[in-house]
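User: I have a chain here that I would like to go through with you. Could you take me through its fold and the residues inside it?

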Amino acid sequence: MAIENGEKPQDASAFVAVTKPTDWTIVILRVVAFLATASATVVMALNKETKSLVVATIGTTPVRATLTAKFQHNPANVFFVIANGMASLHNLSMITVHFFGDKFKDKALRLVMVAILDVMTVSLASSGDGAATFMAQLGKNGNSHARWNKICDKFHKFCDHGGGALIASYVGLLLLLVITVLSIVKLLKTK
């Protein structure tokens, strides 16, 4: 490929101009990611709905049962809350490291540890999101082969709150991915 004036570039860096990310960009992204993952944690942890449903009919008399849908009834949702809570704690601790990290003698070691912890947090958050998304799909559509009935037609508020928590968590996951890329770029640009 040739540049506009017809000369060939010396190296590949002429095409990709990656600048070192500013510290405040990462801090702002971490704050927003913290807010997203913390809100997902709180919304899912407080997700509960109770309904009185007709479970049988004896003659002409309906038999009612009071059923409660809670996030604790599903291990995938519990894992989702724990994973997002850990991601929130990670972002909060990395913000603290940003402000007090200059006290460390070895800056390169700090940057390596931050990048490794960022990658681990992305993997934890994505696995929690995947597990909760699978259970949300199962709650919405059911599974006719396993004879698992859908519950979102009966517990609308529970499913809506769970969906909102999933959206907030996926926003946090996307921001965590961007933060991870920026922290690795920052590590590679340090000399």
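Predicted model: local features only at pLDDT ≥ 70, side-chain atom pairs only at ≥ 80, totals over all residues.

User: Which cysteines form the disulfide, and how far apart are their sulfur atoms?

Analyst: The disulfide joins C152 and C159, with sulfur atoms 2.0 Å apart.

User: Is that disulfide left-handed or right-handed?

Analyst: The disulfide is left-handed, because the torsion about the S-S bond of C152 and C159 is about -90 degrees.

User: And C152, buried or exposed?

Analyst: C152 has a relative accessible area of 17%, and the cut-off for buried is under 20%. C152 is therefore buried.

User: Let us step back to the fold. How many helices and strands does the chain have?

Analyst: There are four helices and two strands. Along the sequence they follow the pattern α-β-β-α-α-α. The chain has 191 residues, of which 32% count as buried. Of the contacts between residues at least 6 apart in sequence, 72% join residues at least 24 apart.

User: Where does UniProt place the transmembrane regions?

Analyst: The unreviewed UniProt entry gives the feature "transmembrane region" at residues 24-46, 78-101, 108-126 and 167-188.

User: What does the model show over residues 78-101 and 167-188?

Analyst: Residues 78-101 are 96% helix and 0% strand, with end C-alpha atoms 33 Å apart. Residues 167-188 are 100% helix and 0% strand, and their end C-alpha atoms lie 32 Å apart.

User: Now helix α2. What span should its 26 residues have?

Analyst: At 1.5 Å a residue, helix α2 (residues 75-100) should span 38 Å. Its end C-alpha atoms are 37 Å apart, which agrees with that expectation. At the start of α2, the backbone nitrogen of A76 has a side-chain oxygen of N74 within 3.0 Å.

User: Which residues of α2 are buried, and what covers them?

Analyst: The buried residues of α2 are A76, N77, F80, V81, A83, N84, A87, S88, H90, N91, M94 and I95. Their cover includes α1 (23-45), α3 (107-141) and α4 (156-189).

User: Why do residues three or four places apart point the same way in an α-helix?

Analyst: An α-helix has 3.6 residues a turn, so residues at that spacing point the same way.

User: Which residues make up the largest nonpolar core?

Analyst: That core has nine residues: A40, M44, F71, F80, V81, A132, A165, L166 and A168.

User: What does A132 touch, beyond its neighbours within four places in sequence?

Analyst: A132 is in contact with A76, N77, F80 and L166. There is also a second, separate core of six residues, among them L29, A33, L175 and L182.

User: What does the side chain of T37 reach, and which residues does T37 touch?

Analyst: The T37 side chain reaches the backbone oxygen of F34 at 3.3 Å. Leaving out residues up to four places away in sequence, T37 touches N84, A87, S88, N91 and G172. Of these, N84, A87, S88 and N91 are among the buried residues of α2.

Note on methods: Residues numbered from 1 in each chain as written. Heavy atoms only, no water. UniProt positions renumbered as here; feature names shortened; annotations may be inferred. Disulfide = S-S within 2.5 Å. Buried < 20%, exposed > 50% of the residue type's maximum accessible area, 1.4 Å probe, protein only. Expected span 1.5 Å × (residues − 1). Contact = heavy atoms within 4.5 Å. Polar contact = N/O pair within 3.5 Å; in protein donor to acceptor, adjacent residues only side chain to side chain. Core = buried A, V, L, I, M, F, W, Y, C linked by side-chain atoms within 4.5 Å.
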